[in-house]
Amino acid sequence: MRRRIGIDVGGTNTDAVLLEDDRVLHAIKTPTTADVLTGVRLALQDVARAIGPQGVQAVMIGTTHFVNAVVQRRDLAPVGALRIGMPASQSLPPFCDWPGDLAALVRGQVHMVEGGFDYDGRPIMPLDEAAVAAAARSMKAAGISCVAVSGIFSPLDPGMEDRAEAIIRDVMPEAAITLSHDLGRIGLLERENVALLNAGLAPLARHTVQAFEEALRQAGIAAPLYITQNDGTVIRAELAARFPVLSFASGPTNSMRGAAFLTGLKDALVVDVGGTTSDIGALKAGFPREANAVVQVGGVRTLFRMPDLLSIGLGGGSHVAQEDGRIRIGPRSVGFRLPELARIFGGPQMTTSDIAVRAGLLSLGDAARVADIAPAFAHASLAEAARMLEESVDRMKTDAAEVPLLAVGGGAFLVPDRLPGVSEVLRPTHAAVANAVGAAIAQVSGEADQVFQGMTRTQAMTEAERIARSRAVDAGADGATLALVDIEDLPIAYLPGGAIRVRARVVGEIAASG
């Protein structure tokens, strides 16, 4: 018997479930608190009362804490940027394409040293180790404790980044150091940006993970803690503290995985309607379809593993107003203050929840408080919400054939029963806490995305799978359960020696603790 707790922290609600095999034994939806951690603690304490003597094997938490810090420009540490690539990369220094307000918060010091690799794997220049040591001393003197190291074409050969880390570690033993090849792909600026964001989040990530672990202790739950990633899997908490960017967009991903689990469908579109936004994505073999293009996070261009999502400002707490004869919904939302500000609770703000209660779609608060809303206005508001969803669903489809749409999230009452291009709208049991279910069922993954030279295609694919399996075990997977779920190869014509880029991904169950 497998028992797990899944928790998902959204901008409006914190959801928690106790899952036993494929059954939801207990579920709770509680408002997210301003400090986030209090809401998690309250949810854990509620679930702990339902656990009983059997206990649980693992606790999985999904959080928007880290991406919100970037978007809202808060809790970010100054970062020392070390780029290995001189003299080739002087014209576009680190932070050159960042929004000014975010760069002002994160840019601590910038150092560019000789080194890096050319596109064919040859060194541009030898690594200037003396310059790396001097940069480390300068950062230490300035009180900077978070460092991001990026090198030109380091995914081809990470040796110079690894050597730079060792030199910095000698000078700054306690520093939080992020190496770009651990996170990004080929494309210097986007890969460097991911490393800089990750480094700036390091102190917040350590504090958040420690607070989650303390919340487990206070609830009396003795089980290992995992944090959900944006590919629908989890990693051990200590690894998540090192790589907080891997949790970006994990909330919608959890909902998509939960929707697949609750309906049994592996290929479908999913709309997750929260309190503030609706996130539309596509399931492929039970996992979210991955974005292949540059993704902006808080205005910063990144190119690393992210789900292909479309987010619109439509949620259960979205403001509803009439402007110039037409109805406008969102993007502003009352968020977790719905019980305080919505009209059904005596507040001043008309929201989509008020409209749904007036239309008889939702039983929440006091319906008498919204009896003055004209039925025609309520009907027109719901039609505008349907139009927004129809347009978004159409943009996420890849062909003209009708596909099923899984409607989940606390605001799923806004999704109509019929939409053009959709074969059927499915609303699974426990749809309101699908995100927490998705966290609870998560497996552990390992991924390799590297360029191999001097190997046959078969050898390169075998090596990529070996690397992916090793990383999955490091992340907390049971090696005996690992299965290859995705592998692709791309010959690179401009590199000598039959170079080939291989991406491999494996997924397995969490290893037994102890």
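These legends describe close-up views of a predicted model.

**View 1. A four-stranded parallel sheet.** Four strands build an open sheet, in the order S6-S5-S7-S8. Their pairing is parallel. Strand S6 (107–114) and strand S8 (176–179) are the edge strands, and each pairs on one side only. On average, neighbouring strands of this sheet are turned by 20 degrees against each other, direction ignored.

View 2. Strand S7 (residues 146–151) runs parallel to S8, and four bridges join the two. Which residue of S8 stands opposite valine 147? Isoleucine 177 takes that place. Helix H6 (residues 188–200) lies across strand S5 (79–86), S7 and S8. The helix runs at about 165 degrees to S7.

**View 3. The loop between S5 and H3.** Proline 87 has its place in the loop between S5 and helix H3 (100–106). The peptide bond from methionine 86 to proline 87 is cis, with omega near 0 degrees. Most peptide bonds are trans. Phenylalanine 95 is found in the loop between S5 and H3 too. Its phi is positive, about 75 degrees, although phenylalanine 95 is not a glycine. Most residues other than glycine have a negative phi. Is phenylalanine 95 buried or exposed? Phenylalanine 95 has a relative accessible area of 2%, so it counts as buried.

**View 4. An aromatic pair.** The count of aromatic pairs comes to one. The ring centres of phenylalanine 95 and tryptophan 98 are 4.9 Å apart. Their planes stand at 70 degrees, so the pair is edge-to-face. The cut-off behind that label is over 60 degrees. Both phenylalanine 95 and tryptophan 98 are buried.

**View 5. Two arginines and the ring of phenylalanine 287.** Arginine 257 lies over the face of phenylalanine 287, at 4.1 Å from the ring centre. The charged end of arginine 505 sits over the ring of phenylalanine 287 as well. For arginine 505, the distance to the ring centre is 5.0 Å. Arginine 257 is one of the buried residues of H9, the helix of the next view.

**View 6. Helix H9, largely enclosed.** Helix H9 (residues 250–263) has 14 residues. From its first C-alpha to its last, H9 reaches 20 Å, close to the 20 Å expected at 1.5 Å a residue. How many of the 14 residues of H9 are buried? Eleven are, so the helix is largely enclosed by the rest of the structure. The buried residues include Ser250, Gly251, Pro252, Met256 and Ala260. Just after H9, glycine 264 takes a positive phi of about 80 degrees.

View 7. Asparagine 254 lies in helix H9. Its relative accessibility is 1%, so asparagine 254 counts as buried. The cut-off for buried is under 20%. Which residues does asparagine 254 touch, not counting residues up to four places away in sequence? They are Asp8, Gly62, Thr228, Ala434, Asn435, Gly438 and Ala439.

**View 8. A nine-stranded mixed sheet.** Nine strands form an open sheet in the order S3-S2-S1-S4-S9-S10-S21-S23-S22. The pairing here is mixed. S3 and strand S22 (483–491) are the edge strands, and each pairs on one side only. From one strand to the next, the twist averages 30 degrees.

View 9. Strand S10 (residues 233–236) and strand S21 (residues 443–452) pair in the parallel sense. Two bridges link them. Threonine 233 stands opposite glutamine 443 in S21. Helix H14 (residues 457–474) lies across S10, S21, S22 and strand S23 (500–508). Relative to S21, H14 runs at about 145 degrees.

**View 10. Aspartate 21 in a loop.** Aspartate 21 is found in the loop between strand S2 (13–20) and strand S3 (23–31). Aspartate 21 has a positive phi of about 55 degrees, although it is not a glycine. With a relative accessible area of 36%, aspartate 21 is partly exposed.

**View 11. A cis bond at proline 331.** Proline 331 is found in strand S18 (residues 326–333). A cis peptide bond joins glycine 330 and proline 331. Omega is about -5 degrees there.

Notes. Residues numbered from 1 in each chain as written. Predicted model: local features only at pLDDT ≥ 70, side-chain atom pairs only at ≥ 80, totals over all residues. Heavy atoms only, no water. Pairing = 2+ DSSP bridges. Axes fitted to C-alpha atoms, helices over the stretch in contact; angles between N-to-C directions. Contact = heavy atoms within 4.5 Å. Phe/Tyr/Trp six-rings, centres within 6.5 Å; stacked < 30°, edge-to-face > 60°. Buried < 20%, exposed > 50% of the residue type's maximum accessible area, 1.4 Å probe, protein only. Lys NZ or Arg CZ within 6 Å of the ring centre and 35° of its normal. Expected span 1.5 Å × (residues − 1).
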